[in-house]
Amino acid sequence: MRRWVGIMEAQERTRFGYATAKIAEVRQENYRVKTFVLDCGVEARPGQFAMVWIPGMDEKPMCIVNDDPLTFSVAKVGPFSSKLHGLGAGDKISFRAPLGNSFAIPTGAKKIILVGGGYGVAALHFLARVAKGKGVEPVMVVGARKRDDVIFEGDFAKLGVKTVVATDDGSGGVKGTAIDAVRQLLDAGEKFDCAYACGPEMMMHALAAVAQKEDMACQLSLERFMGCGIGICGKCDAGGGLVCQGGPVYNSRAAFKLEEFGICHRDTMGNKIRW
Amino acid sequence: MPGIDLSTNLLGAKLENPTVLASGILGTTGALMASVANEGGAGAITSKSASIKPRGGHPNPIVVDAIAEGGWMLNAVGLSNPGVEEKVEEIAHYRKLCGKPMIASVFASTAKEFGECAALIARAKPDAIELDESCPNVEGEFGALFCLNERDAAKAVEEARNSVPKSIPVFAKLSPSAPDIASIAAACVEAGADGITAVNTAGPGMAIDISRARPILANKAGGISGPALKPLAVRCVYDIYGKLEGKVPIIGTGGVANGADAIEMMMAGASAVGIGTAAYTRGMNVFREVCREMEELMEKNGYSKARELVGMAHG
């Protein structure tokens, strides 16, 4: 298996930071999410992202779900993801990776809680695996609108991670939001050294507020419209900070300092869109 | 550094140092522009070009980074912006967060529209308005650049100059692709430009991914920036300064990455120095670092005032 380090070792290095690999396997996670496993690996940490390029079409940021083999989980939400969903084993995929910063596990941490909303759950699987490897116990909270939206439940079970599912309509797990489930765990006396989240911003905003109240460390993976991915175009500003540079992972204190955290994001033109 | 004075004056706007964030880089939101000035240390900010109507720009990829490989970068962002009225709001927000001068860049597809757009951005009361007559990556859409011939370049300046209060200086941003940039600058000044920004990105150029056999940029071609652009920019600034006999200020932009580059640009004739691509290669603090390097080099060479460097290479 090829393995690339950083922006890739000299021999394997494609020019300008781009690499091209082949899809080794595609898994259907649910009615709208597919996982793509490539025939190569990169050296990346949980929380980092890749810019996935479809020549002649567009390039979008994707969470790295696993670094070796490099894996992405993609929800079919628009033309770009639909095009990706049309690719199969043996097809080429091009990317720049790894980009951005990563989740950090505080020294001495024993137990952490991971909160994923929708397809944000996938990115936290990588973190759960790394935590396990360090002897830290993760508890996973999967939030989804309905039973069919829940992904990776089996993967967390396989890792031996305690997983709580919460759905808005109660069709799977407990009825309520992911934050309701977190509160229940805390109310039951569970203690966590750090909370991590990836998912809808208002869910992360609510978790950050809970963490602040509980005096619990908290790290969030923010999402913004991304242009260059390297800190030059200014499209991913979240109100005084570029998410591709200062993020995508922010601790809750840093996130609250961003003017637009929990308030709005921007489209490619720079127009504000309220969450 | 004691004994070294970096301050400069750009037609009434006081800059604590001559570094200016070039248009198109990080100039999107008010909050981001304020952090480039407050934390990064830029002497002034140029906002990303605004047009009358909002523009989505080109799809990604919009940038090719070959700084490490070849000393250049390509960009084809495609003038994405939320429209001039939103930009006025962003500049107002910047003003709340930061007291440093603001140069507002506008872009239009006709000379008349340059006038309209400049009039609208003037509501934000910027310290200067920069007319982006030279973006090289929208040619398919708008035809040849405004600034490639004297008549068109001057016409856009004239429309803008007549549309905004006299108290707001108007700069024309020109392209290094012009066959005789100094004559075009002279025509712009004749038409009322108070200053010149030189230069925009060069080209456009292209980079092809060999494993996919496709141009990387969605727009295929994009403007060339970075260290490879610098000698071209220095020559353009030198020519313009010579032709205009130093009568109007020039914001010298193109490949400046360190203090030596900034001094060189000023010696060619620049009153202030635009920095864009280096804000990527060296990070947002590049402005502060360039100033520190300028101070060291000025002391070493016996120069005390940055203002006195302007045009020094003309002898």
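How many residues of domain 1 of chain A are in contact with residues of domain 2 of chain A? In this predicted model, 24 residues of domain 1 are in contact (heavy atoms within 4.5 Å) with 24 residues of domain 2 of chain A.

The model is predicted, with local features needing pLDDT of at least 70 and side-chain atom pairs counting only at pLDDT 80 or more, while totals for chains, interfaces and linings use all residues. Residues are numbered from 1 along each chain as its sequence is written, chains are lettered from A and ligands numbered from 1 in the order in which they are written, and side-chain values use heavy atoms, with hydrogens and water left out.

**View 1. The two domains of chain A and the area between them.** Chain A is divided into domain 1 (2-99) and domain 2 (111-274), with bounds that come from an automatic or database domain assignment. The C-alpha centres of these two domains of chain A lie 21 Å apart. Together the domains bury about 1900 Å², 63% of it on carbon and sulfur atoms; buried area here is the accessible area (1.4 Å probe) that two parts lose on being put together, summed over both. Between domain 1 and domain 2 of chain A there are zero salt bridges, a salt bridge being a side-chain nitrogen of Lys or Arg within 4 Å of a carboxyl oxygen of Asp or Glu.

**View 2. The side of domain 1 of chain A that touches domain 2.** Five residue pairs, both members at pLDDT 80 or more, are in polar contact across this interface of domain 1 and domain 2 of chain A. A polar contact is a pair of N or O atoms within 3.5 Å; within protein, one must be able to donate a hydrogen and the other to accept it, and residues adjacent in sequence count only if both atoms are side-chain atoms. At least two residues of the domain 1 side come from each of β3 (33-38), β5 (49-54), β6 (58-63), β7 (66-67), β8 (70-75) and β9 (92-99) of chain A, where strands are DSSP runs (E, at least two residues) numbered from the N terminus. The largest share of that side, four residues, is supplied by β6(A).

**View 3. The interface of chain A and chain B.** Here 36 residues of chain A are in contact with 41 residues of chain B, and the area buried between the two chains is about 3100 Å², with carbon and sulfur atoms giving 59%. On the chain A side, A:F16, A:I232 and A:M269 lose the most area to chain B, together 24% of what that side buries. The count between chain A and chain B is one salt bridge, in which the closest N and O atoms of B:E90 and A:R266 are 2.7 Å apart.

**View 4. The aromatic pair of A:F16 and B:W72.** Rings of Phe, Tyr and Trp (its six-membered ring) pair if their centres lie within 6.5 Å, planes under 30 degrees apart counting as stacked, over 60 as edge-to-face and the rest as tilted; by this rule there are four aromatic pairs over all chains. A:F16 and B:W72 form a tilted pair, 5.7 Å centre to centre with 55° between the planes. Because A:F16 lies in the loop between β1 (2-4) and β2 (19-28) of chain A and B:W72 in strand β6 (residues 72-75) of chain B, the pair joins two chains.

**View 5. The surroundings of A:E29.** A:E29 lies in the loop between β2 and β3 of chain A, and a polar contact of 2.6 Å joins its side chain to that of A:T35. Leaving aside neighbours within four places in sequence, A:E29 is in contact with A:K34, A:T35, A:I151 and A:F152.
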